[in-house]
Amino acid sequence: MGPLRPTTVDELRALVGVELGPTPWRTVSQGAIDDFARVTDDHQWIHVDLARAAASPFGSTIAHGLYTLSLGPALLGELMSFDGFAHTLNYGYEKVRFPAPSPVGSRVRMRAVIQSVDRVGADTAHVLTETIFESDTGQKPVCVAVQVSRFAEAILDRPVGHP
């Protein structure tokens, strides 16, 4: 079926409250965890020390919570294409939580629900999207966050000076 392709603020507004997803599963690999640790300089043992983590209550290394959150833009792009807009900007996040770990070898996927779409200009919207990351290893989500975005409509065939 492919991602949804809204191109206007009104089309985004029509998606408020609609659950999008889930995305296909993605495997959490030790290589990805190690790469994230190198990029962020976060080498906490529970993420990168296989032997020590095996003796922990988790039984293995776990992904950084921020690694999981960082998958959000790519996963959201699998649910909704933004190429019909002049541009979209990640404005931030609200209420980020990591209720459960993502063990190495587990799989994660994401669901999303657009919570609100508010105009902040003639052709721009402030959009709140709840993102829920699930794991195949547990019943609790591994991450829940409200993404804050700005969407600017593409203005085509509009006379100069027309609002």
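Reader: What do β4 and β5 form, with four residues between them?

Author: With four residues between them, β4 and β5 form a hairpin. Residues are numbered from 1 along each chain as its sequence is written, and side-chain values use heavy atoms, with hydrogens and water left out.

Reader: How many bridges join β4 to strand β5?

Author: Strand β5 (residues 124-135) runs antiparallel to β4, with 11 bridges joining them. Two strands pair if DSSP finds at least two bridges between them, and therefore β4 and β5 count as paired. Arg 119 stands opposite Ala 125 in β5. Strands (E, at least two residues) and helices (H or I, at least four) are DSSP runs, numbered from the N terminus.

Reader: How many bridges join strand β1 to strand β4?

Author: Two bridges join β1 (residues 19-20) to β4 (residues 107-119), and these strands run antiparallel. Leu 20 stands opposite Ala 112 in β4.

Reader: What makes Phe 82 and Phe 151 an aromatic pair, and is it stacked, edge-to-face or tilted?

Author: Rings of Phe, Tyr and Trp (its six-membered ring) pair if their centres lie within 6.5 Å; planes under 30 degrees apart count as stacked, over 60 as edge-to-face and the rest as tilted. Phe 82 and Phe 151 lie 5.4 Å centre to centre with 70 degrees between the planes, and the pair is edge-to-face. Phe 82 lies in the loop between α6 (72-79) and β3 (85-97) and Phe 151 in strand β6 (residues 143-153), so the pair ties together parts that are 69 residues apart in sequence. With a relative accessible area of 22%, Phe 82 is partly exposed, whereas Phe 151 at 4% counts as buried.

Reader: Which residues form one aromatic cluster?

Author: Phe 82, Phe 85 and Phe 151 form one aromatic cluster.

Reader: Over which residues does pLDDT stay under 50?

Author: Over residues 158-162 pLDDT stays under 50, although the protein chain averages 93. Where pLDDT is low, the predicted coordinates should not be read in detail.

Conventions:
Predicted model: local features only at pLDDT ≥ 70, side-chain atom pairs only at ≥ 80, totals over all residues. pLDDT = per-residue confidence, 0-100. Contact = heavy atoms within 4.5 Å. Buried < 20%, exposed > 50% of the residue type's maximum accessible area, 1.4 Å probe, protein only.
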